[in-house]
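Hi,

Here is the structure I promised to pass on.

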Amino acid sequence: MNEILSIRGLSKSYKNVKAIQNLNLKIREGQAYGILGPNGSGKTTTLSIVTGIIHQDGGSFSWFGEDPEPRQRKFIGSLIETPHFYPYLNLEKNLKIICDIKGMPYRDIGRVLDTAKLLERRKSRFSTLSLGMKQRLGIAAALLGDPRVLVLDEPTNGLDPEGIAEVRELVIEQVEQGKTLILASHILSEVEKICNHVAILKKGELLANGLVKELLAEDEIIEISCDQNGALKQKLEESQLVKEIEIENGLLVLTLNDKATPADINSFAFSNKLVIHHMLSRKRSLESQFLELVKEE
Amino acid sequence: MRRLLHIEQIKLLNYNPFRITLGIYFVAFTLGLLIYPAVDKEIPVISLSDLFRFPDVWVFLTWVTEPYNVLLALIIIMITTKEFNNHTFKTQLIFGLSRNELLLQKLLSIVVLALFATLLLGITSLTLGLLYSYKLTFKIAMENTWVLGRYLISSFSYMSMGLLVALLVKNTALSLLSFLAMRVFVDPVLFLVLRKYEIRWYLPFRTTTQLTPVPDLIEIFEKKMNTNEPITESAMELLPKGLSPWLNILMVFLYTSLAIYFSHRLMQRRRFT
């Protein structure tokens, strides 16, 4: 998978406050990558740096494997915090400006307004929109030109439940179409629903990152290995003990069924004459960490 | 370039305060100049219409309309600080403009407005000249048109200063106030305070106003009184004060370059929130 965004040792301080410290992340093509953390954990700062709004104090980042340049942002659709447009211009003219910036024709405007369910408001001034509509216009603008990457910072902020559901649906659709998504959020369930990868930030430091289902899922996950992994995999798949099996670096990664325990797996393997010589629980010291983290909010 | 200009065009032509201010500028400029000669026809001897003849009309109108450049600078301040208020500098950055392009956008607006102002001055001067000159030859008419070039530099310089103030202060009202205070109060007062020193001619706004200096009105009227002949040759001698014209232009270039240089630095370093 191609590398989309790589962040290396990024740091930024505002006066005495360290917004992010030595942050390292790697985001690959096709991932739906959540950046999860409470308010003030450095999510917006991180996204502001990679979208060129502010300069970092230290460290570096690259887009598509190249050093950052303004023209790369034309392939990235971003919405950072609340969307800001010209209040006195109508939606269509505001999007024309974005098209001009990205150097693309205006014919995409109708499509993105339609996607964001704003087509009938296209002649309204931006200032007359409700908060939810402004947020949707922000997403519409991000979708202009069908960019490879979407960078969304709290896209459901300030929306009513219906609005939240609509925006989530819209974002999930984009992910299903194969876009890479970078989504910052302080809502655990949002990241769980939309993303497949997640990085958890706290006070500007990276606590953990990895697959959502590993870090946040309720299921117990263990990694095992024996001399005949293929045979073991086949046997386990036939049993009722596991929901899912993946192979990672020559190890079997099992998502256990609700009632199964690692001991069950071990005795099941032994009864099938397979001797497990490696077993490690990936269980959720991380999840409890995150819950503590969220509690502080 | 064309892309940036088009973005500015959408922003500005739909922005009411811009349209209104530019409208006021246009009306004040043309109407004011057309009314002058109509009003003072009756006053004998000292008639302003003498000043509307070729080639004096070029220098006279340039001097009269120079203060209108303040209005243009105010427009630039208004549209630049508005981008801060609306957080739209940030939006443009996010969608792919570079910080240099943000500055270039505003500089292009400045160039277009300066050309517009100069063109307007050219057309009004030409109109009045054609209406009031007794003796009309191409050579006389075209004499002194070089002041249009100075006017262009003057408007550009005013607006660059306005841009710097806007990027520095960010707040619309405070920027307008600081710019006006500099132009109307600080600069003139310093000019008076420093009256014994040559340095007063180097004050930023003084050099800019000296680009379009006061025509020697007394001499023009004296000539008119001493002869009954209509004035056929140019009586317009620039008042022999201040820096030599080329040094003056050089100083204006220096100040304008500094204004653009510092605007560039501010644009690079500002945190757009």
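β11(A) and β12 (residues 251-256) of chain A pair antiparallel over six bridges; strands here are DSSP E runs of at least two residues and helices are H or I runs of at least four, numbered from the N terminus, and two strands pair if DSSP finds at least two bridges between them. Within that pairing, Glu244(A) has Thr255(A) of β12(A) as its bridge partner.

Before I go on: this is a predicted model, so local features need pLDDT of at least 70 and side-chain atom pairs count only at pLDDT 80 or more, while totals for chains, interfaces and linings use all residues. Residues are numbered from 1 along each chain as its sequence is written, and chains are lettered from A and ligands numbered from 1 in the order in which they are written.

Back to the sheet. It is open, with four strands in the order β11-β12-β10-β13 (chain A), paired antiparallel. β11 (242-248) and β13 (276-281) of chain A are the edge strands with a single partner each, so one side of each has no neighbour in the sheet. On average, neighbouring strands are turned by 25° against each other, direction ignored. Helix α9 (residues 262-271) of chain A lies across β10 (221-226), β12 and β13 of chain A, and runs at about 165° to β13(A). For the angles, axes are lines fitted to C-alpha atoms (for helices, over the stretch in contact), and values run from 0 to 180 degrees between N-to-C directions.

Chain B has twelve helices and zero strands. Of its 273 residues, 38% count as buried (20 or more other C-beta atoms within 10 Å of a residue's own, with C-beta atoms placed from the backbone).

How do the chains meet? 22 residues of chain B are in contact with 24 residues of chain A, contact being C-beta atoms within 7 Å. α5(B) gives the most to chain B's side, with six residues.

Then the cores (buried Ala, Val, Leu, Ile, Met, Phe, Trp, Tyr and Cys joined through C-beta atoms within 7 Å). The largest has 117 residues, and those touching the most other members include Ala140(A), Ile182(A), Leu72(B) and Met159(B). Helix α8 (residues 147-169) of chain B supplies the largest share, eleven residues. Leu72(B) touches Tyr25(B), Leu113(B) and Met159(B), among others, leaving out residues up to four places away in sequence.

Cheers

Terms used:
Buried ≥ 20, exposed ≤ 12 C-beta atoms within 10 Å, placed from the backbone. Contact = placed C-beta atoms within 7 Å.
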